[in-house]
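Colleague: Please take a close look at one part of this model and describe how it is packed. Begin with a loop as a point of reference, then move to the part itself.

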Amino acid sequence: MRVPVVVYTTGPACVQCQATMRTMEKLGIIYDKVDLTQHPDLADRFKEMGHVTAPIVVTDRKTWSGFRLEKIESLARFLASEEAKA
């Protein structure tokens with residue numbers, strides 16, 4: 001089973017977004033990318049939830065914003081675990 005991972009970015013000029021996606025790719029995390037500049041309604045909804053820094057990473061269990069190496073590494077370990085494969 002594939003755990004859904006979505007990275008919401010603010011475009012190619014977002015350094016934290018690029019670092020997040022590059023790290024995920026390096027760790028083998030498969031993700032979908034959504035550009036928030038094309039979806040301002042989503043950006044507004046995330047702001048209401050308190051996420052004001054891009055990228056915003058959403059999985060079926062967690063959501064976080066900004067470049068968070070420890071969260072990305074934790075996600076990679078989870079995705080490699082038996083629990084994620086079940």
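Modeller: Val 52 is exposed, because its relative accessible area is 65% (exposed is over 50%, buried under 20% and partly exposed in between, with a 1.4 Å probe and protein chains only). Val 52 sits in the loop that runs from helix H2 (40–48) to strand S3 (56–59) (helices are DSSP runs of H or I with at least four residues, strands runs of E with at least two, numbered from the N terminus).

The model is predicted: local features need pLDDT of at least 70, side-chain atom pairs count only at pLDDT 80 or more, and totals for chains, interfaces and linings use all residues. Residues are numbered from 1 along each chain as its sequence is written, and side-chain values use heavy atoms, without hydrogens or water.

The part to examine is the pairing of two helices. Helix H1 (residues 15–26) packs against helix H3 (residues 69–80) at about 25°, and their axes are 10 Å apart (axes are lines fitted to C-alpha atoms over the stretch in contact, with angles from 0 to 180 degrees between N-to-C directions). H1 is therefore roughly parallel to H3, a label for angles under 35 degrees. On the H1 side, Thr 20, Thr 23 and Met 24 meet Leu 69, Ile 72 and Leu 75 of H3 (contact is heavy atoms within 4.5 Å). These contact residues comprise four nonpolar, two polar and no charged ones.

Thr 20 belongs to H1 and counts as buried because its relative accessibility is 0%. Beyond its neighbours within four places in sequence, Thr 20 contacts Ile 72, and also Pro 55, Val 57, Gly 66 and Phe 67. Arg 22, also in H1, counts as exposed because its relative accessibility is 53%. The C-alpha atom of Arg 22 is 21 Å from that of Ser 81, which is 59 residues away along the chain.

With Val 5 and Ile 29, Met 24 has the most contacts inside the largest nonpolar core, which has 14 residues (a core is a set of buried Ala, Val, Leu, Ile, Met, Phe, Trp, Tyr and Cys residues joined through side-chain atoms within 4.5 Å). H1, H3 and strand S1 (5–9) each contribute at least two residues to this core. Setting aside residues up to four places away in sequence, Ile 29 touches Val 5, Met 24, Ile 72, Leu 75, Ala 76 and Leu 79.

Terms used: Parallel < 35°, antiparallel > 145°, perpendicular 65-115°, else oblique. Nonpolar A, V, L, I, M, F, W, Y, C, P; charged D, E, K, R; others polar.
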